[in-house]
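Please look over the sequence and the model below before reading on.

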Amino acid sequence: MNAPLQEAASRAAAPAARARVPAGLRLRRALLLSRATKPVVFALAASPFVVLVWRALHSELGANPAQQVIWTTGLWALRMLMITLAVTPLRVITGWVELARLRRMLGLFAFGYALLHFTSYLGLVNDFSLVEVAHDVVRHPFVLAGMSALLLMLPLALTSTNAMVRRLGGARWRALHKLVYAIGVIAVFHYWWGKLAKNNTADPKVYALLLAALLGWRVAQALRARARRA
């Protein structure tokens, strides 16, 4: 069949192919692939920061504003990290492959909130004194855990562009970005240890269970893949 006839046949078959796709699937794909999807997700991810700024400007951060800023940014860094780690399981389990296009943005928001968390701690608590930070690390080792997680997130943020993926190569890029699993463990440990001093580990336990489920799913998938290869 020559090219014009092939093109005509493809056009004729397209409506029939679309008709075989369930309406719900077509709607979901249209929503997730829409140009508006990323701006909406961006706005939702940025909204905790906007609310925090609004509360600060209106003196609504309570008796200890510095502590409120530090805790809020740290908590949202952890939440965004968990959401980022949840993208792949959700994509595989639900078949919503279009979710993958949001993962990079969510990961960068996790890094952004973590950076705000550390900057708030550095400036509001220690007046940007690294000497004071060093003393704090000695007194509260969980601070070192948080700083370690942030440092591990830095290369992931710097290599998040398409150009860096091409420069590193797919295999090396994927190997580097597996650091996110260690980051998740360290971040939950940092949160748990920080709450342990206040004898309030209920919330950290929830995040620890969530992280265990997300990492456990990946381990199970890897074992299944190995069994199929064998």
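Is Phe 189 buried, partly exposed or exposed? With a relative accessibility of 44%, Phe 189 counts as partly exposed, where buried means under 20% relative accessible area, exposed means over 50%, and partly exposed lies in between (1.4 Å probe, protein chains only). The model is a predicted one, in which local features need pLDDT of at least 70 and side-chain atom pairs count only at pLDDT 80 or more, whereas totals for chains, interfaces and linings use all residues. Residues are numbered from 1 along each chain as its sequence is written, and side-chain values use heavy atoms, with hydrogens and water left out.

A pair of aromatic rings is described by the distance of the centres and the angle of the planes. Rings of Phe, Tyr and Trp (its six-membered ring) pair if their centres lie within 6.5 Å, and planes under 30 degrees apart count as stacked, over 60 as edge-to-face and the rest as tilted. By this rule the count comes to six aromatic pairs. In one of them, the rings of Phe 189 and Trp 193 have centres 5.0 Å apart and planes at 55°, so this pair is tilted. Both residues lie in helix α10 (residues 179-196), four residues apart, which is about one turn of the helix; helices (H or I, at least four residues) and strands (E, at least two) are DSSP runs, numbered from the N terminus. Trp 193 is partly exposed as well, its relative accessible area being 31%.

The rings of Tyr 191 and Tyr 207 have their centres 5.7 Å apart and their planes at 80°, so the pair is edge-to-face. Because Tyr 191 lies in helix α10 and Tyr 207 in helix α11 (residues 202-229), this pair ties together parts that are 16 residues apart in sequence. Tyr 191 is buried at 10% relative accessibility, and Tyr 207 is buried at 13%. Elsewhere, Phe 42, Phe 109 and Tyr 113 form one aromatic cluster.

Aromatic rings also meet charged side chains here, a charge sitting over a ring if NZ of Lys or CZ of Arg is within 6 Å of the ring centre and within 35 degrees of the ring normal. The charged end of Arg 79 is placed over the ring of Trp 76, 4.7 Å from its centre, and Lys 195 lies over the face of Trp 71, at 4.7 Å from the ring centre.

Ser 59, in the loop between α3 (37-57) and α4 (65-94), has a positive phi of about 55° although it is not a glycine, and its relative accessibility of 69% makes Ser 59 exposed. Phe 128, in the loop between α5 (103-125) and α6 (130-139), has a positive phi near 60° and is exposed, with a relative accessible area of 58%.

Within helix α6 lies Asp 136, which counts as buried at 8% relative accessibility. Leaving aside neighbours within four places in sequence, Asp 136 is in contact (heavy atoms within 4.5 Å) with Tyr 121, Asn 126 and Val 143.

For the protein chain as a whole, there are 11 helices and zero strands, and buried residues make up 32% of its 230 residues. Of the contacts in the protein chain with a separation of 6 or more, 65% are accounted for by residues 24 or more positions apart.
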